[in-house]
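Subject: The structure for you to look at

Hi there,

Here is the structure I promised to hand over. Have a look at it first, and then read on for what I found.

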Amino acid sequence: MHRSFDQIPDHAKLWVFRTNETLEGDYMNGLKTRLVSFMEGWESHGSPVFASFEIIEPHFLLVSAISADGNPSGCSTDKLVHFFEKEKETFQVDFLNNSDVFYLSNQAWSSTHFSEIQEKIESGIIEPDTLLANLQVTKKGDYPSQWLIKAGDSWMKRNFASVKS
């Protein structure tokens with residue numbers, strides 16, 4: 001059952017989806033309609049999943065959900081993943097690409113392939129204070145304080161150690 005984002009409790013499961021596409025215009029409006037429709041019928045072992053979403057920034061989509069007995073089951077999570085697989089198939093918008101890292105550069109979002117991180121660090125494009133989108137936030141209540149993280153405080157920390165003089 002679709003709810004407004006503020007009606008979903010802070011302990012609910014959170015997924016942070018991202019895409020290299022800019023979420024705007026007709027696509028964004030259609031995506032919102034399709035997500036509401038999906039959430040209206042979303043179930044976990046026959047019980048409704050209470051869910052919501054928010055599009056934040058131009059490349060990020062939050063989905064938060066809870067069922068009557070806690071977090072949605074693995075099967076219901078698979079249904080969410082299938083929703084996004086269909087988005088890619090139908091609209092060529094990929095929300096499931098785990099190989100790109102998003103970071104703020106000059107007040108704008110940029111992304112780079114995981115394999116290019118060391119090069120970006122060595123060239124000074126990504127520095128320890130560069131803010132990254134933390135896609136590992138898993139609870140709705142943790143999102144506001146944990147969704148942006150400094151690169152030097154993240155999994156990239158080891159990469160900076162290798163470039164110190």
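Predicted model: local features only at pLDDT ≥ 70, side-chain atom pairs only at ≥ 80, totals over all residues.

Let me begin with E87. Leaving aside residues up to four places away in sequence, E87 touches Y27, L31, R34, Q92 and V93, where a contact means heavy atoms within 4.5 Å. E87 sits in helix α2; helices here are DSSP runs of H or I with at least four residues, strands are DSSP runs of E with at least two, and both are numbered from the N terminus. With a relative accessibility of 2%, E87 counts as buried (buried is under 20% relative accessible area, exposed over 50%, partly exposed in between, using a 1.4 Å probe and protein chains only).

Residues are numbered from 1 along each chain as its sequence is written, and side-chain values use heavy atoms, with hydrogens and water left out.

Now to the sheet. Four strands make an open, antiparallel sheet in the order β1-β4-β3-β2; two strands pair if DSSP finds at least two bridges between them. β1 (13–18) and β2 (43–44) are the edge strands with a single partner each, so one side of each has no neighbour in the sheet. Between β1 and β4 (residues 60–67), which run antiparallel, there are six bridges, and V16 stands opposite L62 in β4. Helix α2 (residues 74–91) packs on this sheet, touching β1, β2 and β4, and its direction makes about 20 degrees with that of β1. Helix α1 (residues 25–41) lies across β2, β3 (47–56) and β4, at about 165 degrees to β3. For these angles, axes are lines fitted to C-alpha atoms, for helices over the stretch in contact, and the angles run from 0 to 180 degrees between N-to-C directions.

As for the whole chain, there are five helices and eight strands, following the pattern β-α-β-β-β-α-β-β-α-β-α-β-α along the sequence. The C-alpha atoms fill a box of roughly 60 × 30 × 25 Å along the principal axes. Of the 165 residues, 41% count as buried. Among contacts between residues at least 6 apart in sequence, 64% join residues at least 24 apart.

Best wishes
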